[in-house]
Amino acid sequence: MSCVLGIETTCDETACAVVEDRRIVRSNVIGTQIDLHQKYGGVVPEIAARAHIEWLNDIMAQAMKVAGVSGKDISGVAVANCPGLVGCLLVGVSAAKALAFAWDKPLVGVNHVHAHLYAGCLVPAERVGQEAGVLPESPPLPALGLVISGGHTTLYDVQAFHCLHRLGSTIDDAVGEAFDKVAAILQLGYPGGPLVENLARSGRADAVKFPLSLLGKQSLDFSFSGLKTAVLYHVNGQGGAQRTSADITPQQRADTAAAFQRVVAEVLEIKVRRAMDAVNPRSLIVGGGVSANGAIRNCLQRVADTAKIPLYLPPMAYCTDNAAMIAGLGAQLLEAGHCADLDLSAIATA
Ligand code: KG4
Ligand code: ZN
């Protein structure tokens, strides 16, 4: 049995987890900072970094306690060292280095975006104990990977979890960012994705026609800023804010949310199909906060079914930022021979 401790402090979640044998989640503790940032309508980097410093030791102690392990049981320390807010990354990286040094265990730096893809391989320990055969097969590789999060919208050719090639990426807003901005236009609150999804349930997606931006016939890149602007003009009117979402009916707001969400799903579907034609994958792996969206999950399931390949989606608890995905991918990287020195850097972009 090998247990890896994972540390995640890239943005506004302070998280630690212990993962056994690369895939079994023994603990997954997340301190969410939503309350600290809500009044600003988005993450304030300085406040986030300070909260990580204040919370990390407690969250780590909880993760170790829930998993029932101590330092001697840990076989490696994995930390998300890129990409993210640099002040936030530094907190996790410094803590991971200190622990690896004190416990004399290997340290590994994990790319947070790649880790989102690994989340679909994780299974909570409680389920492994209760249900026979619950640990699914690892995704057949090469796979097509799609990360849809607040900061990234990226397609990957996944040859192995330590060998990913980027096929395409957003040229402007990330898909989660577009959800958050549409939530702000509709005055729903922050973070907006789940609120837009909830409102869309009572909306008619065909009541409004928003543009589909595909960036040319072959492109595997994404663009969501035009869609966001179309929603803004639809709700507020063009040429300055003449109206707000308070001036349209509840049904119109719901229709707007549903129509926006449908266009996002359509764009993702078209790009995934294109990428499948380009790389002929043996499976589809999706991760990131937006993969919690039911309409998008269903849409991607249809795409995978049509292509007759398995779809790997994270369990709901591992869609948004967490440290289990960092520990899991870290364990995989350690097994593949990746190991960092104590001069591991925090890197804002990747
Ligand atoms: O992966 P994540 O936790 O953080 C980043 O790495 O960015 O993703 C957060 C994003 C936010 O933009 C949030 O609004 C979005 O994921 N999100 C959703 C849903 N749940 C979270 N978007 C659409 N539908 C959801 N149910
Ligand atoms: Zn993330």
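I started with ligand 1 and found 19 residues around it, counting a residue as near if one of its heavy atoms lies within 4 Å. The closest are G150, D180, G193, E197 and G289.

A note on the model before going on: it is a predicted one, where local features need pLDDT of at least 70, side-chain atom pairs count only at pLDDT 80 or more, and totals for chains, interfaces and linings use all residues. Residues are numbered from 1 along each chain as its sequence is written, chains are lettered from A and ligands numbered from 1 in the order written, and side-chain values use heavy atoms, with hydrogens and water left out.

**Polar contacts**

I looked for N or O pairs within 3.5 Å. E197 has a polar side-chain atom 2.8 Å from a nitrogen atom of ligand 1. The backbone of G289 puts a polar atom 2.9 Å from an oxygen atom of ligand 1. From H112, a side-chain N or O atom is 3.2 Å from a ligand oxygen. Next I checked cover: ligand 1 alone exposes 560 Å², and the protein buries 87% of that (Shrake-Rupley areas, 1.4 Å probe).

**The site**

Where does ligand 1 sit? I found it in the largest pocket. A pocket here is an open set of points on a 1 Å grid over the protein atoms alone, where a 1.4 Å probe fits, with protein on both sides within 12 Å along at least five of seven lines; sitting in it takes more than half of the ligand's atoms within 2 Å of its grid points.

The elements giving two or more residues to the shell are α4 (112–118), α6 (175–185) and α7 (193–200). These are DSSP runs, with helices (H or I) of at least four residues and strands (E) of at least two, numbered from the N terminus. I also noted that domain 1 (3–137 + 321–335) and domain 2 (143–309) each supply at least three shell residues; the bounds come from an automatic or database assignment.

I then went through the loops. L141 and P142 are joined by a cis peptide bond, omega about 0 degrees, and P142 lies between α5 (125–130) and β7 (143–148).

The loop between α6 and α7 holds both Q187 and P191. Q187 is not a glycine, yet its phi is positive, about 55 degrees. The Y190 to P191 peptide bond is cis, with omega near -10 degrees.

Technical notes:
A polar contact is a pair of N or O atoms within 3.5 Å; within protein, one must be able to donate a hydrogen and the other to accept it, and residues adjacent in sequence count only if both atoms are side-chain atoms. On a 1 Å grid over the protein atoms alone, a cavity is a set of points where a 1.4 Å probe fits but cannot get out, and a pocket is an open set with protein on both sides within 12 Å along at least five of seven lines; lining residues have an atom within 4 Å of a point.
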